[in-house]
Amino acid sequence: KTVLMALFKTRGVVYKPVKDVNLASDSTEFYLQANVKAPRMTGILVKVFTWFLESRIFGTLLLYILKGNNLIHTLITNAELEESPLYVPAHHFEDHKEQEVKSLDSGLTPQEQVQLAIECLPTSSEKAQNETNTSFSRWTIMDYYKAYSSEAITPRAVAERFITAVDESSKAPLSMGFFINYNPEDIRRQADESTLRYQKGEPISVLDGIPVAVKDEIDCLPYPTTGGTKWLQKERSCIDDACCVKRLRLCGAILVGKTNMHELGVGTSGINPHYGAARNPYDANKIAGGSSSGSAAVVSAGLCPVALGVDGGGSVRMPAALCGVVGLKPTFDRVPHSGVLPLNWTVGMVGILAGTVEDALITYAAISGEIPSEQPSSILTKINLPLLSFSKSIRDIKLAKYDKWFDDCSDEIRSCCTQALTELQDYYGWKTIDVTLPDIEAMRLAHYLTIGSECSTWFDSFGEKHVAELGWDARVALSVYGSFSSKEYIKAQKLRNRQAKFHKKIFAEADVIVSPTTGVTAYSIQDDALKTGELDYVNGAALVRYSISGNFLGLPAVTVAVGYDKLGLPIGLQFIGRPWAEATLMHLAFSMQASKKEACSLSSFIFLQLTQFIHARDGKVLSYRSKA
C-alpha cells in the first residue's frame, strides 16, 4: 500500500512566506475556485459507495484517490510552508475602540446584561420609522414582552399555541421537521411560572416567557442530547444545562425543545435520515441548510424569535442565510462551550439565530462572558454592546472586499449582495477597500481536515459499535475524517497560523471583511435523500465558501438578509470582524437591516398557518406590534 501511494505521490505547493505576499488589490495571487470532484449520491448509490469506502481492500485506495482529486495532497499533505502550527484560535483581548457602544462591567448577571442591552435598542418612534406593512411579521422579543406586560396575551397562552403549531408542523402536508424532541408538559410548566411572575408584576427580564429553541448539540434539561443520532443519548447522559442555556433560563426564557440538525453536524443540507429533513419555511421543498437547520427554520417560521445553534463551519450563518434570518457567530471563547458536544472543539462555537438584529443582541447579552471561576481575572474580556439608536452616527467604516472571492457565487447572489453593499456605502458614506485574501481554497480544505479530525477523534471514543446506527452520509463523512493523518493535521494548523497572519494584516486596514454568506440559495430536497441522506459536496462547498475564516480563525461574523432570488428564496450578506468586535458587526447588520425597506416576500402559506396559533387570542390573530 505504501509503495503504491509513493508511486502516485503528488507534488505539493510551496507557500511563500507571509511577509512576501501582497494583500493589496493589485496582487498577483491566483484565486483558486473550489475543486470539488465528487458526484451527488443518494439512495442505493450512497450505500454502495459506503461499502467500498469502509472495506479494508478498497477503502484506503479510494480515500487516497478522493483526497488527491480534491487537491488535499497538493495544498496540504505535501505542501511546504514555514509557519508554525496554531492549534487553537484563541485571541488575546484587544480593545478596538468601537464606536457607539456600551461597555459592560465584569461580574454582571445575565439579567443585568440583558437590561443593559434593552437600553441599547432603538426607541419605539425610531423603530416605527423603519416598519413596513407586510402580510407576515415575526414577533420580536419586545413584542412578546409588551404583550405580556399589557396582558394582551400570557406566556401560558403562547405556550399552548406553540405546542399546537409544532404538532401541526410535524404532520403532513407540512412535515417541517423542526424538532427532534419537545416536551409539552415541561413547556407548560415553564410558561405557568412565567405567567405567574407577570401577574405579580415581577418578570425576571424581557426574556421572561420568550420561547427559545436549542440545537440538539447543546445540553438542555429535561431532554437527552442526541447530536442528531439515534444512539448518543445511550452513551452520554445530559445531567445539566449547558452554560448558555443556564443563562437564558436565569433570564426567564421558556426553553421549548431540541431542534433538528444534520447528524453529528457533518453536513450542510440539514437532511437527517432519523428525524426527517428540516425544511425551509420559504419553500418546504427546499433545504434549511445545516447543521443548525431546525434552529434556523423555527425562527424563520416565526415560532420562536430566537434559537441557539452551534457554528463549526458556517453551521449557524449558512442556514440563517438560507432561511432569511440573522445569524451571529461570536468570537472564539466569547460564549462558554461547557455543555456543548465536543464534536469540533477548536472550530465550533455557540451562535444565535434570530428574526432581527435587536433580538440577536438581547440574546448575545444574556449568554456572553467567561465563567469567572474558570478564567483568571487578568484575562477577562470586555463586552461591548452596540447602541443601535446611534448606528447612523458611525463614521469612517472600512469594508474589505476581495472581488474574486465575493463574485464566486450565483449571479443572483452576486447582484443582490453588490446592490446591498452599494446601498450601505451610499447611505452611510462607508468605504470599500479592495484587498486580496490568498489561499482561500487551501483554508477551506485545512478547515475540513481540522473539523473532520476532531469529529473523528471524538467518535472514536465510542469505538465502532455505533457505526451501523449512523446515516449513510454520516458514515461516509466519518470514513473520510478517519483517513487524515497527524502530518496532515499539523500542516492544516500551519495553514491556520498563516491565514491568521493574513487576516490580521487585513484588519489593520479595515474594520470588517464583507462577502455573501453562501454561494448558492437553498436547493431542492430530493425524495431519495430522505432515508439515506445525500452526498452533495459541490453544493456543500458552495454553501460553506464564505464561512471558513469565522470558524478556523475564531473570528466573529454575522449574516443578515438582503434580498431574494427569482424563486423568492432568501440571500444573506456577511460581515466578518476583528476578534471581540461583535458590537461593530451588529451595528453594520442593523444598518443593513434598516436599509432593506422592501416588504418581506413570504409567499408560502406555512408562516400564517403556524404563527396564527401563537399570536391569536379568542380566535383572532393579534396585530400587536411594538410601535409607539
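This is a predicted model: local features need pLDDT of at least 70, side-chain atom pairs count only at pLDDT 80 or more; totals for chains, interfaces and linings use all residues.
Biologist: Why is the aromatic pair of Y144 and Y148 called tilted?

Modeller: Rings of Phe, Tyr and Trp (its six-membered ring) pair if their centres lie within 6.5 Å, and planes under 30 degrees apart count as stacked, over 60 as edge-to-face and the rest as tilted. By this rule the count comes to 21 aromatic pairs. For Y144 and Y148 the centres are 6.1 Å apart and the planes stand at 45 degrees, so the pair is tilted.

Biologist: What makes Y428 and W430 a stacked pair?

Modeller: Their ring centres are 4.6 Å apart and their planes meet at 15 degrees, so this pair counts as stacked.

Biologist: Why does Y144 count as buried?

Modeller: Buried means under 20% relative accessible area, exposed over 50%, and partly exposed in between, with a 1.4 Å probe and protein chains only. Y144 has 0% relative accessibility and therefore counts as buried, and Y148, at 3%, counts as buried too.

Biologist: How do you know that S456 is buried?

Modeller: The relative accessibility of S456 is 8%, so this residue counts as buried. Leaving aside neighbours within four places in sequence, S456 is in contact (heavy atoms within 4.5 Å) with L478, Y481 and G482.

Biologist: Why are helix 2 and helix 3 called roughly perpendicular?

Modeller: Helix 2 (residues 43-54) and helix 3 (residues 59-69) pack at an angle of about 105 degrees, with their axes 6 Å apart. Angles under 35 degrees count as roughly parallel, over 145 as roughly antiparallel, 65 to 115 as roughly perpendicular and the rest as oblique, and helix 2 and helix 3 are therefore roughly perpendicular to each other.

Biologist: Which residues meet where helix 2 packs with helix 3?

Modeller: F49, F52 and L53 in helix 2 meet G59, L62, L63 and L66 in helix 3.

Biologist: What makes the charged end of K401 count as sitting over the ring of F406?

Modeller: A charge sits over a ring if NZ of Lys or CZ of Arg is within 6 Å of the ring centre and within 35 degrees of the ring normal. The charged end of K401 sits over the ring of F406, 4.6 Å from its centre, and that of R475 sits over the ring of W472, 4.5 Å from its centre.

How values were computed
Residues are numbered from 1 along each chain as its sequence is written. Side-chain values use heavy atoms; hydrogens and water are left out. Axes are lines fitted to C-alpha atoms, for helices over the stretch in contact, and angles run from 0 to 180 degrees between N-to-C directions. Helices (H or I, at least four residues) and strands (E, at least two) are DSSP runs, numbered from the N terminus.
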